[in-house]
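Biologist: Could you take me through this model? I would like to begin with the metal sites and then move to other features.

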Amino acid sequence: MRIEWQVAPMPQWEADVIVFFFFEDFQEPLPYVQKWGTARDPQFFQSIFLKDFTGKLKETAVFYSASDEKMPRVICAGLGPRDQFDLDKLRNATASAFRKGRELKLKRIAIPLSALEDLSSDLAASLEESLIAGLSSLYKYNGFKTTNGKGEEFPQEIVLCAEKNPGEDLRALPDVADATMAGIKLARDLVSAPANKVTPSHLAKVADRLAQRHGHNLNIIDYGTAESMGMGAFTAVARGSREPAFLIVLEHAPAGLEHEKPLVFVGKGITFDTGGISIKPSDKMEAMKQDMAGAAAVLSLFEILGRLKIRRRVVGILPCTENMPGGQAYKPGDVIHSLSGLTIEVISTDAEGRMVLCDALAYAKRYEPALIVDIATLTGACIVALGNQVAAVMGNNDKLTDWIRSLGLRVGEKFWPLPLWDLYFESIKSEVADFKNVGDRSAGAIVGGVFLKQFVANETPWAHLDIAGTAWTSKDLGTIPQGATGFGVRTLMEIIRRWEESSL
Ligand code: BES
Ligand code: ZN
Ligand code: ZN
C-alpha cells in the first residue's frame, strides 16, 4: 500500500473518497468538517444533519457529491461517545472506514490531517495508530486455494491531506506505518500457513532472507550443534520429530553499536504441537500450527528494524522444532539436563514450550543482555485466565511489567500482569531433579512463568509474555481480521523504540 502526503489548500485535495470522523449524536460536526462544508460541499453539510448517520462506533455512511470531481465521495466514520474517546476508538473508526472503501472498490482513500488534530493533542500518535489499524484491518491471508485469482486490490493508496507542511516527524510516519504493517503481515502469514509449510527449516529460510536483505547477523544452530553445546531441553523436544530442528539467532547491530548491551527477544517456535507422548486430543489439534507465533513475532521485528534502520542492538533467539511423539521422543518421567546445568523432570511432554525456551533463555546470557523478553503461546491456562483479547505479562521486575502493559495499551495490545511469587514454585518441586516441567492444574500460566524464571539472572530485567489466547482470533475484531493476529509485534517494537525512556 502506498501512503502519500498531499500538501495543498483544502479545495485542491484529491482522491476517490475522504474520511471524516464524527462523535456519536454530534450536535455540530468537528471544525474541519464545517470547513469542508463551507469550502467544498455545502450539500454534504446539509445531508449529515438528516442524521441518518449518528456516529456510533464503527458505523459508516457514504455521501456523494454531485459536482466535486476531485473528491466525489465522503465516508463518515463513527467514533462513539465523545467522553469515551481514546486511541482505540480512532483505530476502530479508521478500520471501518478503510473497509468501507475496500467494499466500494475505491483506489485512493484520503484522511485529512485536520481530522486528527481536532481529536487529540498527540497528533503523531493518532496518525500512527489510525494508519496502522486501518492497514491491519485490510489484511488478508492468501492461502493455497488454486482458484485464488490475482484480482485488483482495494484500496491501493492512502492519501494524507494537509494544508501546510506537517513537519519532519509526521512526514516520517508513513514509512513507520508501512514497515510496521510489513512486520505484522509477515507474522500473520507465518502463523496462518500450515505446519507442513512452516517447518523449522522454513523459519530458518525466512531468517536467512531477512538477514540478507537487511544486513543482520545470523547464526543457525542445528540439532547436532545444540546437542554438543548442552541444550538438552531443546533437543529433548526436537528428538520426537523427523523434521530438522533449529535454534535461530538473529542480531541487528548497527554500525557503532556492536558492543551495546542488546535487547534480547526469545520466541517460542513450535511449528506444530501434538503434545508429544502426552498427546493432545485430536479435536482442534489443527490449531496448534499457531504454536510458533512467538517466534513469528520476533522474526517480524527484524523486518521492521531493518526497514526503519533503528539505532539499537537487538538479538532474537528462536528455538524452532515440532513437538511430535516419534520413536525417539522424550517421555514423561525422563530427567533432562538443560543448558543452564539445571535438571528437569518431565511430567508432561506437552509442556514443551518451557523446555525449548529455557535453553534459549540460558543461551541469551552470553549476550550480556540489557533486557530479555520472551514471547510464547505457552499455556491454555492463560486463555482460561484472560481470554482471547488479553495476554499475560510476568517477570522479575515490576517496573518492566508495568511499562510493557502501558506500551501495549498505546498500540492496542492488552497485557495484564500475573505474579511470579516463590510460593508458586512449590508445585514444581521434584524428587529426582531440580524441578518438574509442570505442577498440578492450578495457576498454570503462572507456573509456566515461574519455571522460566529459574533460567534468568535476577539482575537482568526479564519479562515473559504468554500469548496463547491472543495469537489467533476466531472472530473478526474489526482492526484485526479473523485468523492470525500478529499480537506482540507492536509492543515489542515499542519496547525497542522507547527503551531509552524506560530508565530500566
Ligand atoms: N501450545 C500449548 C499451549 C496453547 C494452548 C497455545 C492453546 C495456544 C492455544 C502448550 O504447549 C501446552 O500444551 N501447554 C499445556 C501445559 C500443561 C501441560 C502444563 C496446556 O496448556 O495444557
Ligand atoms: Zn504443548
Ligand atoms: Zn506448545
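This is a predicted model: local features need pLDDT of at least 70, side-chain atom pairs count only at pLDDT 80 or more; totals for chains, interfaces and linings use all residues.

Biologist: Which residues coordinate the zinc ion (ligand 2)?

Modeller: The zinc ion (ligand 2) is held by Asp273 (OD), Asp350 (O and OD) and Glu352 (OE), at 2.0 to 2.2 Å. Donors are N, O and S atoms within 2.8 Å of the metal (3.2 Å for Na, K and Ca), and sites may look incomplete because water is not among the atoms.

Biologist: What spacing do these donor residues have in sequence?

Modeller: The donor residues of the zinc ion (ligand 2) follow the pattern D-x76-D-x1-E.

Biologist: And which residues are the protein donors of the zinc ion (ligand 3)?

Modeller: Its protein donors are Lys268 (NZ), Asp273 (OD), Asp291 (OD) and Glu352 (OE), at 1.9 to 2.4 Å from the zinc ion (ligand 3). Along the chain, their spacing is K-x4-D-x17-D-x60-E. Aspartate 273 lies in strand S10 (residues 269–273) and aspartate 291 in the loop between S10 and H11, so this pair ties together parts that are 18 residues apart in sequence. Helices (H or I, at least four residues) and strands (E, at least two) are DSSP runs, numbered from the N terminus.

Biologist: How far apart do the two zinc ions lie, and which residue bridges them?

Modeller: The zinc ion (ligand 2) and the zinc ion (ligand 3) lie 3.2 Å apart, and aspartate 273 bridges them.

Biologist: Is the site of the zinc ion (ligand 2) octahedral or irregular?

Modeller: The site of the zinc ion (ligand 2) is irregular, with angles of 70 to 167 degrees among its 6 donor atoms. The arrangement around the zinc ion (ligand 3) is octahedral, because its 6 donor atoms subtend angles of 78 to 172 degrees. Four donors count as tetrahedral if all angles lie between 85 and 135 degrees; four count as square planar and six as octahedral if opposite donors are over 155 degrees apart and all others between 65 and 115; anything else is irregular.

Biologist: Is aspartate 273 buried or exposed?

Modeller: Aspartate 273 is buried, at 3% relative accessibility. Buried means under 20% relative accessible area, exposed over 50%, and partly exposed in between (1.4 Å probe, protein chains only). Aspartate 291 is buried at 2%, and glutamate 352 is buried at 0%. Aspartate 350, at 24%, counts as partly exposed.

Biologist: Changing topic, how many salt bridges are there?

Modeller: The count comes to 30 salt bridges, where a salt bridge is a side-chain nitrogen of Lys or Arg within 4 Å of a carboxyl oxygen of Asp or Glu. One of them joins glutamate 128 to arginine 490, with the closest N and O atoms 3.7 Å apart. This pair links distant parts of the chain, with glutamate 128 in helix H5 (residues 123–137) and arginine 490 in helix H16 (residues 489–497), 362 residues apart. Both glutamate 128 and arginine 490 are buried.

Biologist: Which residues are linked with them in a network of salt bridges?

Modeller: The network links Asp88, Arg91, Glu128, Glu129, Arg490, Glu494, Arg497, Arg498 and Glu501.

Biologist: Where do arginine 307 and glutamate 303 lie?

Modeller: Both belong to helix H11 (residues 293–308), 4 residues apart, which is about one turn of the helix. Arginine 307 is partly exposed at 39%, whereas glutamate 303 is buried at 5%.

Biologist: In what order do the 3 strands of the open sheet stand?

Modeller: The order is S12-S13-S17, and the pairing is mixed. Strands S12 (335–337) and S17 (435–436) stand at the edges with a single partner strand each, so one side of each is left without a neighbour in the sheet. Strand S13 (residues 343–345) pairs with S17 in the parallel sense over 2 bridges; two strands pair if DSSP finds at least two bridges between them. Isoleucine 344 stands opposite phenylalanine 435 in S17.

Technical notes: Residues are numbered from 1 along each chain as its sequence is written. Chains are lettered from A and ligands numbered from 1 in the order in which they are written. Side-chain values use heavy atoms; hydrogens and water are left out.
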